[in-house]
Amino acid sequence: MTSPIRTERHDNVLVVISDNPPVNALGQAVRAGLKDAIEQALSDDSIEAVVIRCDGQTFFAGADITEFGKPPVGPNLPETLDAMEASDKPVVAAIHGTALGGGCEVALACHYRIAVPSAKLGLPEVKLGLIPGAAGTQRLPRLVGAEAALPLVVGGNPIPAKKAETIGLVDAIVAEDSLEADAIAFARSKIGQPVPRASEGKANEDGVRDPDLFDRFRASQARQIRGFDAPNAAIEAVKAAGELSYADGVKKERELFMKLMTGTQSAAMRHYFFAERAANKIDDIPRDTPLIPIRKVGVIGAGTMGGGITMNFLSAGIPVTILEMAQDALDRGTSVMRKNYENSAKRGRMTMEAVDKAMGLLTPTLSYDDLADCDLVIEAVYENMDVKKQVFAKLDSVVKQGAILASNTSYLDIDEIATATARPGYVVGMHFFSPANVMKLLEVVRGKETRHDVLATVMKLSKTIGKVAAVSGVCPGFIGNRMLSKRQEQANALIMEGANYWDVDDVLLEFGFPMGPFQMGDLAGIDIGWHRDPTKVTTIREALCAVGRFGQKAGKGFYDYDEARNRTPSDEVRAIIADFATKEGKAQREISKDEIRERLLYPMVNEGAKILEEGMAQRASDIDVVWINGYGWPLYTGGPMFWATTVGPDKVVAGLERHGLPVSDFLHNKAEAGRGFD
Ligand code: 3H9
């Protein structure tokens, strides 16, 4: 087998080139090739400097994740990098694309790093439930200090080359089109000088001066890292860089790395990494399906949903024509969008110039005719089949042939909506989640007639607008809301049987969700869909509305809220629930948190199994992608179906049976076969 590493001589400089598509992952052959190339450079007196660069779209994007969990085959990355750093001849990393994880660690082991302006550098291992494992947590703080290292190692987000230069991670920035030549010249300029080694730098000088730095940083990240093991280990590792010798620090890093690598969180997060990428692929649609160019988008409805959807496209530089029925609603929607952008600018997330640029791409209109030349129109109107059909019939008559007509419905039958048009093949569901400009998930609903090119286009577009897409077949509530309804059924039943509603919320919070169903109700508004007649009370929600408990916005819903929005359970609500339970003759009993957890989550797994059995999801991992990105299912458990596999389908079945809840054949079969969802 030919090596992915080749070398080229440029007089006294050896250029070591990796060609391992798609992302130059540091698999065994790459590591072996790199080690050999360094040995070649060291043993040849006519070579006085080395440049390491990559072909293709990127510098090394990290260790090869597909190798994780398999028996290791040497040389390992740490020893390869130690050999590189030990060289007395200058070694220069020439970086383009993304130098991530092990790739960034390669760069750290080099004596110098130069990059093109578009390059990014980062240590995203925490996103895989890991920390850097090739001395990244020890070399980086010795190079740039703890304060600059912490966000990189703990947050995992890459930084642009310019920022990397500011903190001292990059030595020079060179033109996009002359990286190799500039790297060779740079390397030559360093010949004969003592080489700077990151491992020999002074670790955490700032952290040593100000030891509270680490606790302050941890506190500042508390919300983002709640429940995750890796960020705390990352802080520990960076702190160790200031407290231990380099060799002991590396040992500490290894211990922490190995513990994480063999734990369930990292397995779950690695599962998610591949799940997200798999979800974008549709099994029966060839990858080279020609796409429909989307140059202009129409959105119907300028309410919260329509506005949020619109912002996705404006932010991606795609012009949008937004339609409303009345001028005041159109003006209101437009000004909310501007305000949202301006708030982002105030928080430093974009410039005012970018705000104006995005808003400049928006055309508000009251006339359907202005949608005629759109390539894609998404309706976000009231959830009512008749209304949707009218909208689609109208769209079919005005929008050009070949354009995609999408509905943002969260549960209605896309096939029925498509019958209102003469082009059912061009009809598709694009279910965004509120707030649509923020939430990552796009549930793409495939109608029975939806064309291949329409689906392929929407999947590609999801990436353009920064969404994570997963495909659902047509069924009530699709993947996400269909499973949510099972959880809600049990939440409602539990409080009628005597469970405290705050215990129901707390169980989910403890599991890792950002909030429970009753908190969610308060946040969204208890009065959504309320008939506004306080004398007609048939449900707990109606009873709450009748006494003005509309949710957080009213200062009270299921909970009472103080000014800082802290929640306290309400005696009034307890009495209302108890009253309903008495009227319905429900016996009251103490319900354990274990039972609450099982009754909330196991029925979701069962519904997920049914969704798979019916072919409504292509694969179990698509369901995980939906729940992690759309409903706050904790990433570190891998999503409902991966979690069910770790729990054991037999245990899930036993739990459902114990609580008298239905079990699908599909789930039964999984349990009997002793297999999880794959
Ligand atoms: C690490 O480095 C640990 C070390 O500290 C310690 C070692 C001891 N391995 O995302 P894309 C595949 S941990 C294997 O669609 P993009 C990916 O599955 C690693 N495969 O492209 C996909 O395959 P397919 C730290 C990988 O242009 C294809 O490449 N590094 C890896 O949108 C294209 O990927 C990271 O966490 C990999 N490392 O984005 C970086 N990376 O076509 C992870 C990608 O079959 N990678 N693949 O579906 C990324 O963030 C993005 O892939 C990247 C490109 C930004 C590079």
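How many salt bridges does the count come to? The count is 48 salt bridges. Keep in mind that this is a predicted model.

**Stop one: Arg 53 and Glu 180.** Select both residues. They form a salt bridge, with the closest N and O atoms 2.6 Å apart. Now colour strand E3 (residues 49-54), which holds Arg 53, and helix H7 (residues 179-189), which holds Glu 180; the pair therefore ties together parts that are 127 residues apart in sequence. Is Arg 53 buried or exposed? Arg 53 has 14% relative accessibility, so it counts as buried, the cut-off being under 20%.

**Stop two: Glu 598 and Arg 658.** Select this pair next. A salt bridge joins the two, and the closest N and O atoms are 2.6 Å apart. Glu 598 sits in helix H25 (residues 593-613) and Arg 658 in helix H28 (residues 649-658), so this contact ties together parts that are 60 residues apart in sequence. Glu 598 is buried, at 14% relative accessible area, whereas Arg 658 is exposed, at 52% relative accessibility.

**Stop three: Asp 453 and Arg 451.** Move to these two side chains. They meet in a salt bridge, 2.8 Å from N to O. Keep the surface on. Asp 453 is buried, with a relative accessible area of 15%. Arg 451 is partly exposed, with a relative accessible area of 35%.

Key: Residues are numbered from 1 along each chain as its sequence is written. This is a predicted model: local features need pLDDT of at least 70, side-chain atom pairs count only at pLDDT 80 or more; totals for chains, interfaces and linings use all residues. Side-chain values use heavy atoms; hydrogens and water are left out. A salt bridge is a side-chain nitrogen of Lys or Arg within 4 Å of a carboxyl oxygen of Asp or Glu. Helices (H or I, at least four residues) and strands (E, at least two) are DSSP runs, numbered from the N terminus. Buried means under 20% relative accessible area, exposed over 50%, partly exposed in between (1.4 Å probe, protein chains only).
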